[in-house]
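Have a look at the sequence and structure first.

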Amino acid sequence: MPAEGLKACGTNRCLSIIQLLAIGGMMKKLIATALTLLPFAAYAQAKETLTIYTYESFVSEWGPGAKIKTAFEKTCDCDITWVALGDGVAVLNRLKLEGKDTKADVVLGLDTNITDEARNLGLFGKHNVDASKTKVPGGWSDAEFVPFDYGHFAVVYNSETMPNPPKSLDELVNGDPAQKIILEDPRTSTPGLGFLLWMKTVYGDKAEVAWKKLKPRILTTAPGWSEAYALFTKGEAPMVFSYVTSPAYHIVAENVTKYKAAEFSEGHYLQIEVAGLIEASPEKVLAQKFLSFILSPDFQNEIPTTNWMMPAGEMTTPLPEAFNTLVKPAKTLLYSPAEVNANRKAWIDEWLGAVGE
Amino acid sequence: MNGWGRLVNEVLNNRPLRPSGTSPSKLEGGLNPHPPSAMLGEVANGRRVWWDRSCLSYCSPVVILSAILLGLVPLLHFAFTHDATFTFDTYIWKVLWFTLKQAFLSSLISTMLGLLLARALARTEFYGKSFFVNLLALPQAMPAIVVVLAITSIFGANGVLGGWFNIYGLSGILLAHVFFNLPLATRLFGASLQNIPHENFRLAEQLSFSNAALFRHIEWPALQRDLPRIFGLIFLLCAASFVIVLTLGGPSATTLEVAIYQSLRQDFDVPRALTLSTLQIIVCAILVMAAGKLALHHPAANTYKIEKIRKQNQTPWLDYPVVAIGLAIIAPPLMALFVGGIAHLNFNVQALISSIAIGSAATVFSLALAWPLARVQNNISQITTLAALIVPPAVIATGWFLALRHFDSVALVVGSIIALNALMALPFTVATLTPAFAQMTKQHDQLCAQLNLNGWWRFRIVDLPMMRRPLAQAALITFVMALGDLTAVTLLGSQGIVTLPSLIHSQMGHYRGNDAGGTAVILATLCYILTYVAQKIGTAND
């Protein structure tokens with residue numbers, strides 16, 4: 001019934017009204033509960049609504065979500081409804097759970113490690129956006145996903161407690177075990193997977209040996225970036241796995257310059273964050289409009305100082321000065337989405353075998 | 001025979017110390033508490049029949065079990081319609097072994113220390129004691145990562161006691177789990193001790209019980225009755241621990257919960273997640289039920305040795321060291337949390353109101369469900385209570401999402417967050433209410449039968465006033481657990497609902513670790529205020 005309701009009615013808001021009426025009495029209590037919880041008040045629904053699935057931090061108080069919503073709503077007579085999920089992987093899993101019944105019109109916040117899986121769901125349509133002008137290293141030619149920002153991973157270190165940081169991944173692997181690094185778990189975290197892929201691009205078949213050598217240097221493997229970075233800023237270890245852009249935050253927001261990213265001679269692994277539209281969406285035209293808006297300055301201007309990533313398109317405001325002090329990786333390392341999808345499970349098992357004993 | 005005589009008689013005839021009718025209840029003051037026993041049996045049975053037949057005793061298990069099924073069935077359906085295969089590998093057994101090992105050690109230390117601490121706190125007086133006792137509610141409300149950070153600032157590589165103790169590994173996991181669960185165990189055991197009738201202590205005093213005898217014959221029976229349940233609860237909490245285990249243990253410290261999370265999140269392998277959950281459910285259920293059976297096989301008190309009592313010095317020499325150890329574990333990380341966060345206080349009114357609103361609603365809901373379960377202690381109520389804790393919340397939340405996703409309503413999202421919170425806290429609510437009910441039912445069933453007092457009026461006149469303190473404590477535990485929840489709000493909330501823990505998480509995700517510390521102080525303060533209020537409400541009649 002819900003799926004038909006969706007087609008007949010054309011919008012999500014019709015759907016909700018019909019069903020609320022249908023469920024009737026049982027729901028009254030819940031609605032009453034919700035009314036007492038006015039802080040989460042229901043959103044106004046008068047105009048065309050574009051439902052965008054994204055990760056939580058994109059639309060949080062400090063994320064770019066609110067400003068991007070305002071900027072886009074000025075260009076159309078429409079509303080953006082954000083649906084915020086834990087992170088990019090959670091967004092993908094939501095799509096897997098919902099399948100063709102998904103309420104999303106646009107999905108924003110997947111990265112190239114999971115776009116192959118997302119593509120295989122058969123939900124995404126062609127974006128028809130000219131993405132040739134994107135500033136993503138290595139260029140862009142994906143027909144279904146538009147990049148909105150990118151960032152190179154890097155080992156970030158505290159220059160006060162670590163005056164001589166490693167200059168290559170190999171130096172990190174073979175360095176003094178007394179100087180520890182905090183990593184993220186590739187099973188539960190995107191940067192964690194990034195470091196695993198970095199090790200794999202550099203060491204290939206010998207990655208397992210390299211992991212075993214690195215193991216005594218690992219203070220701990222945190223479930224996510226937040227936990228790892230919090231332990232690092234507490235001073236638990238002089239190094240953490242993060243992004244090249246991390247030092248910019250400390251300079252811009254805290255005026256602290258002791259945190260630096262180490263430049264590695266083998267090159268740096270890249271994360272590219274993308275958006276795509278749902279082919280079956282009733283708001284496909286609006287969704288396409290949003291995807292071209294992504295590469296416009298109105299969107300891109302917000303990215304550097306809210307998402308702390310590098311913009312994928314042209315900006316009209318200059319990058320903050322702090323970004324000019326950042327490491328600019330000479331070489332970019334990146335597996336194709338298909339390679340990651342085909343090997344991820346085997347590579348994670350290999351990692352687990354090497355460090356999980 | 002008067003109450004005293006009956007008690008002594010019971011003791012000497014090797015029967016468990018059972019309360020007589022001489023309770024502090026005002027109602028009973030002028031009544032003969034001992035009607036002829038023949039009549040008593042009949043009417044008391046009639047009373048029990050009324051409770052068993054009433055909707056109250058069946059509604060609650062039905063609601064809870066259907067809520068759990070509402071989570072499991074859609075997920076099973078999803079697994080069967082999306083073909084995927086799962087094989088048991090040696091990795092799973094390794095994971096299972098580590099899960100059981102760390103959970104067993106964590107809960108063993110927490111319950112043993114908690115038992116001693118609860119007893120010590122009941123027997124000692126020291127400056128700032130009530131403050132310390134109120135602090136015991138705080139760890140439960142703290143998101144796991146806040147606790148990990150608070151502990152690292154004391155025991156970490158760069159902590160105050162830096163290098164003295166390696167917190168990265170099993171020892172760190174145990175330390176964090178004890179910090180989390182020792183206060184919980186202490187509070188639950190404290191509730192057990194409070195339910196010992198005063199007459200027992202007075203009798204012990206009259207008989208010049210030694211310290212050891214007092215413990216053995218009066219305190220231990222009460223503690224022992226609740227020990228398996230408290231151990232079981234903490235065991236399950238530790239078995240399901242996730243952030244602490246991963247952050248401090250690393251990849252070699254993988255628990256079943258981590259494997260379930262991985263299979264749901266990274267691989268989206270629903271059959272594997274369900275198989276792992278089933279394994280976890282079976283193993284936990286067996287262990288917890290075994291613990292329950294163990295207690296039944298060793299009935300309350302071996303009071304026949306009572307003649308061996310010698311007059312002894314009553315100085316609680318062991319109590320002060322126990323309190324000192326408890327203080328040393330619990331106080332420093334909390335102090336570190338306050339010192340670190342006080343300079344970065346930030347008020348997010350929306351998060352504060354959302355947290356309080358969700359917490360209050362979940363508390364009311366959970367108390368309503370827990371009351372009949374605690375009132376009628378039978379197999380059904382015990383299984384229901386366990387089921388709510390053993391089935392991983394992530395599994396329930398995913399199933400609920402599948403079942404309810406077609407209903408596009410904010411009310412439903414908020415409702416399901418509240419319901420999941422109530423469900424997760426339920427075993428703790430029941431654990432707090434059960435000892436009080438066990439006591440009260442025995443004390444008042446006969447009296448109420450004699451007075452033909454039942455239904456609403458019994459609830460209003462007898463149960464409610466007598467249950468004031470345990471109810472306040474149960475409400476507090478539920479509220480505090482809901483306050484600290486991150487699972488329900490992350491898995492079910494996608495409509496921009498921000499609570500204090502999700503705010504902390506979001507601040508940390510934006511390099512704002514300092515602000516997160518400030519928010520944690522607000523959460524802790526709110527929790528302290530609630531504890532204070534609950535304590536005032538609970539003791540208002542005393």
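**Cysteines, cores and helices**

A:Cys76 and A:Cys78 are both buried (buried means under 20% relative accessible area, exposed over 50% and partly exposed in between, using a 1.4 Å probe and protein chains only). This is a predicted model, where local features need pLDDT of at least 70 and side-chain atom pairs count only at pLDDT 80 or more, while totals for chains, interfaces and linings use all residues. Residues are numbered from 1 along each chain as its sequence is written, chains are lettered from A and ligands numbered from 1 in the order in which they are written, and side-chain values use heavy atoms, leaving out hydrogens and water.

**Cysteines**

- A:Cys76 and A:Cys78 are joined by a disulfide, with S to S at 1.8 Å (a disulfide is a pair of cysteine sulfur atoms within 2.5 Å).
- Searching the whole structure turns up one disulfide over all chains.
- B:Cys238 is in no disulfide, and its nearest cysteine sulfur, from B:Cys284, is 11 Å away.
- B:Cys238 counts as buried because its relative accessibility is 0%.

**Nonpolar cores**

- The largest nonpolar core has 173 residues (a core is a set of buried Ala, Val, Leu, Ile, Met, Phe, Trp, Tyr and Cys residues joined through side-chain atoms within 4.5 Å).
- Helix 7 of chain B, residues 144-155, gives the most to this core, with nine residues (helices are DSSP runs of H or I, at least four residues, numbered from the N terminus).
- Among the residues that touch the most other core members are A:Trp211 and A:Ile294.
- Beyond its neighbours within four places in sequence, A:Ile294 is in contact with residues including A:Leu108, A:Phe148 and A:Phe299 (contact means heavy atoms within 4.5 Å).

**Helix packing**

- Helix 8 (residues 170-194) and helix 20 (residues 468-483), both of chain B, pack at about 170° with axes 11 Å apart (axes are lines fitted to C-alpha atoms, for helices over the stretch in contact, and angles run from 0 to 180 degrees between N-to-C directions).
- That angle makes helix 8 of chain B roughly antiparallel to helix 20 of chain B (under 35 degrees is roughly parallel, over 145 roughly antiparallel, 65 to 115 roughly perpendicular and the rest oblique).
- Helix 7 of chain B and helix 14 of chain B (residues 319-341) have axes that come within 8 Å and cross at roughly 105°.
- This makes helix 7 of chain B roughly perpendicular to helix 14 of chain B.

Terms used:
Helices (H or I, at least four residues) and strands (E, at least two) are DSSP runs, numbered from the N terminus.
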